[in-house]
Amino acid sequence: MANTFTQMNVHAVFSVKGRGNFISEKWRDELHRYIAGTLKETNNYSLAVGGYKDHVHIFFELNPSISVSDVLKNVKAKSSKWINTKDFVSGKFEWQAGYGAFTYSRSQRNNVISYIMKQEEHHGNQSFKAEYLELLRKNDIKYDDAYLFEFYD
């Protein structure tokens, strides 16, 4: 796109379906690298990928020719297929249907990157649910508790 100039920093977070603790420390870093590569395939620039046992955070510069929802649909589809192909979990691995996505200015980038890269330390003190609710509140996002988290039997 000629004469198109953007700078959109997107922080997205999504969890394992049913929020199971399936993301093992043994292959978590490999998953994060895979997700960063998947972002690159759609011409998005990965700034940070991190997470913990039941969720992932990604922070990237959004390519203006693709929507956030299409980026995340691609990341989630490819990474879940990759996890299943590698047989990292017993049974079928899936991500939750939804996600949270938040934008940040360039001046906030280092703080967001640091936050994402310290997820393991961070979750020694706070659950994913508490973290997610805090992100929604900080970004003034209205939500209905009945539809906030997916639970499966």
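This briefing describes the overall build, the sheet, the packing of helices and the salt bridges of one protein model.

The model is predicted, so local features are given only where pLDDT is at least 70 and side-chain atom pairs count only at pLDDT 80 or more, whereas totals for chains, interfaces and linings use all residues. Residues are numbered from 1 along each chain as its sequence is written, and side-chain values use heavy atoms, with hydrogens and water left out. The protein has five helices and four strands, where helices (H or I, at least four residues) and strands (E, at least two) are DSSP runs numbered from the N terminus.

**Overall build**

- Read along the sequence, the elements follow the pattern β-α-β-β-α-β-α-α-α. The radius of gyration, taken over C-alpha atoms, is 15 Å, close to the 15 Å that the globule rule gives for 153 residues, so the protein is as compact as a globular protein of that length. The globule rule is 2.2 Å times the number of residues to the power 0.38.
- Along the principal axes, the C-alpha atoms of the protein fill a box of roughly 50 × 35 × 30 Å.
- Of the 153 residues in the protein, 42% are buried, where buried means under 20% relative accessible area, exposed means over 50%, and partly exposed lies in between (1.4 Å probe, protein chains only).
- The accessible surface of the protein comes to about 9000 Å², and 47% of this surface belongs to carbon and sulfur atoms; the areas come from the Shrake-Rupley method with a 1.4 Å probe, and for residues only the protein chains shown count as cover.
- Among contacts (heavy atoms within 4.5 Å) between residues at least 6 apart in sequence, 71% join residues at least 24 apart.

**The sheet**

- Four strands form an open sheet in the order E2-E3-E1-E4, with antiparallel pairing; two strands pair if DSSP finds at least two bridges between them. The edge strands are E2 and E4, each of which pairs on one side only.
- Neighbouring strands of this sheet are turned by 15° against each other on average, direction ignored; axes are lines fitted to C-alpha atoms, for helices over the stretch in contact, and angles run from 0 to 180 degrees between N-to-C directions.
- E2 and E3 form a hairpin with two residues between them, and these strands pair in the antiparallel sense over seven bridges. Within this pairing, the bridge partner of Tyr52 in E3 is His55.
- E1 and E3 also run antiparallel and are joined by seven bridges, and here Ser15 stands opposite His55 in E3.
- In strand E2 (residues 45-52), six of the eight residues are buried, so this strand is largely enclosed by the rest of the structure.

**Helices against the sheet**

- Helix H2 lies across E1, E3 and E4 and runs at about 45° to E1.
- Helix H5 (residues 128-138) lies across E1, E3 and E4, and its direction is at about 145° to E1.

**Salt bridges**

- There are five salt bridges, a salt bridge being a side-chain nitrogen of Lys or Arg within 4 Å of a carboxyl oxygen of Asp or Glu. Side chains of opposite charge can pair when their charged atoms come close.
- One of them joins Lys17 to Glu94, with the closest N and O atoms 3.4 Å apart. Lys17 lies in the loop between strand E1 (9-15) and helix H1 (28-41) and Glu94 in the loop between helix H2 (68-85) and strand E4 (100-104), so the pair ties together parts that are 77 residues apart in sequence. Lys17 is partly exposed at 30% relative accessibility, and Glu94 is partly exposed with a relative accessible area of 30%.
- Arg28 and Glu120 meet in another salt bridge, at 3.5 Å from N to O. Because Arg28 lies in helix H1 and Glu120 in helix H4 (residues 119-122), the pair ties together parts that are 92 residues apart in sequence. Arg28 is buried, with a relative accessible area of 6%, whereas Glu120 is partly exposed at 41%.
- Arg109 and Glu61 form a salt bridge whose closest N and O atoms are 2.7 Å apart. This pair links distant parts of the chain, with Arg109 in helix H3 (residues 109-117) and Glu61 in strand E3 (residues 55-61), 48 residues apart. Arg109 is buried at 12% relative accessibility, whereas Glu61 is partly exposed at 24%.
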